[in-house]
Amino acid sequence: MSLSSELFQRAQRTIPGGVNSPVRAFKSVGGEPFFVAKAEGAYLFDVDGKRYIDYIGSWGPMLLGHNHPAIREAVIRAAANGLSFGAPCPAEVTMAEKVAELVPSMQMLRMVSSGTEATMSAIRLARGYTGRDTIVKFEGCYHGHADSLLVKAGSGALTLGVPNSPGVPADFAKYTLTCEFNNLPQIQQLFAEQGNQIACIIVEPVAGNMNCIPPEPGFLEGLRALCDEYGSVLIFDEVMTGFRVALGGAQAYYGVTPDLTTLGKIIGGGMPVGAFGGKKEIMQHLAPLGPVYQAGTLSGNPIAMAAGLAALTEISKPGVYEALTEKTAQLIKGLAQAAAKHAVPVSFNQVGGMFGLFFTNEGRVSNYQQATRCDIDAFKRFFHLMLQQGIYLAPSAYEAGFLSLAHSAEDLKETIAAADYAFSAL
Ligand code: PMP
């Protein structure tokens, strides 16, 4: 038995499902997860010594590649001075200034310790600021596991939200309405009927949790216009897209400015970090300035700030996004050619360093319904054929793929060759 298998058996005795976050268990693709011993550059190495070219990058944070020396050294330096203060530290100030410089709509911001905390806090703030309870999200968008956000529509928009996890009270979920991503007329109708009660729209400006689905031209602009008209707060959840699709995030890429932004992943360089921020006028409602409560013992943690600042410094260097976008485009081109060679119908989406591969003959995928119509069985087989060859894709057909600057031309070539075989064997 492999060491990974042994560990997985042991883990299941004391950790629910053997994992600390469900998607890691490989439930949706079948089989067993491998356990990671170390990570370096574009690679993961499992406890049995097998090397994988990694297209998940810790689900996004590893834009510079794993174990980047600048980040590692910043962490070691910071650790020499203590691990947590529970009091203000200088790196928090530098971090806030750096983020505000890179994402100018974040005039003020708060650090938190995860993406979930960022979105949960942004929503409380939007509700506190507007004095309204109802929020709107989109089908297929994931914003972490806070109660308000683990909700999907009963039968499309204009119905009350129903919880999609036991433990979320129905009375609570009814304040979350769900619309179709990229369907502007639908949310316009919703606002026409009850816009005056809507505290906020929260959206992944590029959806990354139903595979990768970019916004149609005019969609984000339309959301902006609705929020302006009805006095609702527009929240861009850039936990995934922030510092990924462009240095200034999706808001810079598409030129649409939200009122609040949530960040995570890359902002911590691999440490547990998130942030939310936006217009001063709204952020000033947070305690201790205002009445909306939000707090965190480990928020602004000195080690996390050191890692995040090192990451942001590296990615601010010229040419980073051009290189990342080019590498991603090259990968997609090679995968598309390999699929075409074996007459496997696929479709791709790409925004900067983020991509999606769909097993579909419908062409471009632009919403959740289409994403769920894709051939999931083909994906599962493809996933395992790639894994056997040492290529690690996200173990779900509904996750985006991520490249890093550490992926070399040789890595891409190896990946495309593996895909050529996998497509032929499907
Ligand atoms: N928002 C988005 C867009 C995400 O992709 C995620 C996690 N993948 C979250 C929020 C939640 O972040 P975390 O897992 O750090 O709580």
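Lys265 counts as buried, because it has 27 C-beta neighbours inside 10 Å. The cut-offs are these: buried takes 20 or more other C-beta atoms within 10 Å of the residue's own, exposed takes 12 or fewer, partly exposed is in between, and C-beta atoms are placed from the backbone.

Before going on, this is a predicted model, in which local features need pLDDT of at least 70 and side-chain atom pairs count only at pLDDT 80 or more, while totals for chains, interfaces and linings use all residues. Residues are numbered from 1 along each chain as its sequence is written.

Back to Lys265. It sits in the loop between β11 (260-263) and β12 (274-278). Helices here are DSSP runs of H or I with at least four residues, strands are runs of E with at least two, and both are numbered from the N terminus. Leaving out residues up to four places away in sequence, Lys265 touches Trp59, Gly60, Pro61, Gly115, Val239 and Met240; contact means C-beta atoms, placed from the backbone, within 7 Å. An unreviewed UniProt entry annotates Lys265 as "modified residue: N6-(pyridoxal phosphate)lysine". UniProt positions are given in the numbering used here, feature names are shortened, and such annotations may be inferred rather than shown by experiment.

Now the ligand. Which residues come nearest to it? Of the 16 around it, they are Ser114, Gly115, Thr116, Gly144 and Val239, where near means a C-beta atom, placed from the backbone, within 6 Å. Helix α4 (residues 115-130) gives the most to this shell, three residues. By class, the shell has four nonpolar, 10 polar and two charged residues. Nonpolar covers Ala, Val, Leu, Ile, Met, Phe, Trp, Tyr, Cys and Pro; charged covers Asp, Glu, Lys and Arg; the others, Gly among them, are polar.

Next, the domains. The chain is assigned domain 1 (3-67 + 318-425) and domain 2 (69-315), with bounds from an automatic or database assignment. Their centres, taken over C-alpha atoms, are 25 Å apart. The contact takes 27 residues from domain 1 and 31 residues from domain 2. On the domain 1 side, α11 (320-341), β13 (347-351), β14 (354-358) and α12 (368-372) each supply at least two residues. The largest share of that side, four residues, comes from β14. That side divides into 17 nonpolar, nine polar and one charged.

Note on methods. Two residues are in contact if their C-beta atoms, placed from the backbone, lie within 7 Å.
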